[in-house]
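I opened my notebook to look up a few things in this structure.

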Amino acid sequence: MKIVVNGAVREIGSSPTTSLLFVLREELGVTGPKAGCQQGGCGACTVLVDGSPRRSCLLPVGYLDGAEITTVEGLGTPMSLAPVQQAFVHHYAAQCGFCTSGFLLAAQAYLDRGGTDDREAIIEALGGHVCRCTGYVKIIEAVAAAARGDTFDLTTTAPGKYTTVAGGAR
Amino acid sequence: MKAVGARIPRYDGVAHVTGRTVYVDDVRIQGTLWAKALRSPHHHAGITKLDTRPASELKGVHAVITHEDVPLNVYGHLSALGIPADEPLLAEDAVRYKGQPIALVAADDEETAARAVDAIEIEFEERPALLDVRKAFDPDAPRIHQWGNWYTHFEDEMDRRQIRKGDIDAAFAQADTIVQGVYRPAAIEHAPLETQVCQVVPEANGRLTIYSCTQALYFSMGVVAAHLGVPLNKLKFVGGTTGGGFGGKVDTATETMTSLLVLKSGKPVKWRWTREEEFLCSSTRAPWHMEIADAVTKDGWILGRRMLTLHDSGAYARFSPYGLTKHSFHHTGAYTIPNLAFDGYVVFTNRVPTTAMRGFGVTSVSFAVETHMNRVAEVLGIDPFEARLKNANRIGDTSPNGVVYTDPSTVPTIQAIATAIGHELKSDYRAMTNEPRNGEWLPEHLVAQIANPEEH
């Protein structure tokens, strides 16, 4: 069987019941999706399957013959970041970074279906993802900025909602 | 000083958003074996039989280790400070918490390793478990640790962390009323998205390369070297990329046992905990039991505090004596109380050993102190902001352990909170600063504790 990973056709040797996460990470060496819980609970393994965000840890690869898979590596490269990646950098939306690829793909799917900067809608779209560094505020701000079509200056970061203004507090 | 106050992009931000950051689990080493642990299913039990041969004989299994394979099995996380060791790397004749590792297997893949763990023959003799710190001191409580049910090796072999300051009896004799409270924050699992993981590689020059998710690289290096009985230059640690830690990756969880599997098999080995293991037996923030009694005046001065803390250390000491010590130094919070009697115990239970989490030992006592401050204000019928400002640390005040404050921030912080939530402060509280106490802010009971910050 074959799947298309970030535009490249890949022949799969693993058995059909192997999880897509295992195939990506261990057979193909695509390590952007993370094994956070392998129970579908945390969202760190999320990839796009034919454009929809899916938990790769719960998907047997046998169901995916011919499917188009997009991982974080397929969103953009360091020299050519997708807008949502730029938004995450500029808005300081990644702390340890382990949950980030999952959040990015859920956010990309949200933007692809015409999502706006409506806070409640963004929370709904990202609701299946866990960030333990407690970066939700900045993640939501980043997705909203990407939805508005902001441009991002990557040499600096956006002031946060709770940023102290110089001289405002001693 | 171009960086101070500037909004600088994260140095690793672009790598994080492009999947280029290499976490330990992303390191790719040809021919790596997978590790799995046989863990205790009981809170407390004796081990009456342990036979690992059925596991060793399975196809695809390259190494099985027990405590007999560890050059120095018992080594404490605070051993380098001269504190006696109590925790075996791999259980010997007893297990003291559910999930405690007893044996490890390295095999061709995760499934084979799991089958091999199942094949190990083991029998237990269950013993009564102690799970509540409040019962540890009962005469009929099960004795669960070789030192008894609490840690006995503070300075001068004291069995508690004790602070005495001023004249506590006089403070309670002078009080208008006594305000008491009991505070019991629960254990918290750090639950980082990246579970405990390491990858160890045997190098041609005889060294081990250890890819580690530790938050404390050189500390872990010392722990591994001590257990293995090798000098530090035999270990090359590669760290710095942690998929969330929050204190839970300060204890050395995987590196030593994985290194032993490498030494026995001669092959590279990876050990990645499952989410279930992370919740079952990775260290947690401790549950704490704190009892406070304050001697207070009717206008809101705290003359004295008696406090008892029971710090649930879990089955072994690890860093708990250090955490309790920090806790004791902060037991008046951001406030100055001149007369103190604090007793804190590191209590052993049959729970997973507890550890640091975001303000080791201090978050618990801050919760208790701030909640108690509100209680004092409520009992006295005074404004809780005023109660805080009145007792707030000022320049020249001294902490429970005698540190002289040179620039304490309690006053401006409380004032800023009042402003932020629209709480109206009386003019004398609005005008208060952290300058040395004088006038109405220097009542008689605080005079003796004042020191000259210039001399410190």
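These are my entries, one topic at a time.

**Before starting.** I noted that this is a predicted model, where local features need pLDDT of at least 70, side-chain atom pairs count only at pLDDT 80 or more, and totals for chains, interfaces and linings use all residues. Residues are numbered from 1 along each chain as its sequence is written, while chains are lettered from A and ligands numbered from 1 in the order in which they are written.

**The sheet in chain A.** I looked up the strand order and found an open, mixed sheet of 5 strands, β2-β1-β5-β3-β4. Strands are DSSP runs (E, at least two residues), as are helices (H or I, at least four), numbered from the N terminus. Two strands pair if DSSP finds at least two bridges between them. At the edges I found β2 (8-11) and β4 (52-55) of chain A, each pairing on one side only. I then checked β3 (residues 46-49) of chain A, which pairs with β4(A) in the antiparallel sense over 4 bridges. There, A:Thr46 has A:Arg55 of β4(A) as its bridge partner.

**A helix across it.** Helix α3 (residues 100-112) of chain A lies across β3, β4 and β5 (68-70) of chain A, at about 35° to β3(A). For angles, axes are lines fitted to C-alpha atoms, for helices over the stretch in contact, and the values run from 0 to 180 degrees between N-to-C directions. Contact means C-beta atoms, placed from the backbone, within 7 Å.

**Two helices in chain B.** How do α5 and α6 of chain B pack? I found an angle of about 45° between α5 (residues 217-228) and α6 (residues 255-265) of chain B, with their axes 9 Å apart. That makes α5(B) oblique to α6(B), because angles under 35 degrees count as roughly parallel, over 145 as roughly antiparallel, 65 to 115 as roughly perpendicular and the rest as oblique. Among the residues that meet are B:Val223 and B:His227 in α5(B) and B:Ser259 in α6(B).

**One arginine.** Is B:Arg388 buried or exposed? B:Arg388 sits in helix α10 (residues 384-391) of chain B, and counts as buried because 25 C-beta neighbours lie inside 10 Å. The cut-offs are 20 or more other C-beta atoms within 10 Å for buried, 12 or fewer for exposed, and partly exposed in between. Not counting residues up to four places away in sequence, B:Arg388 touches B:Tyr335, B:Met373 and B:Ile414.

**Between the chains.** Finally, I noted that 27 residues of chain B are in contact with 41 residues of chain A. On the chain B side, α1(B) gives the most, with 5 residues.

Note on methods. Contact = placed C-beta atoms within 7 Å.
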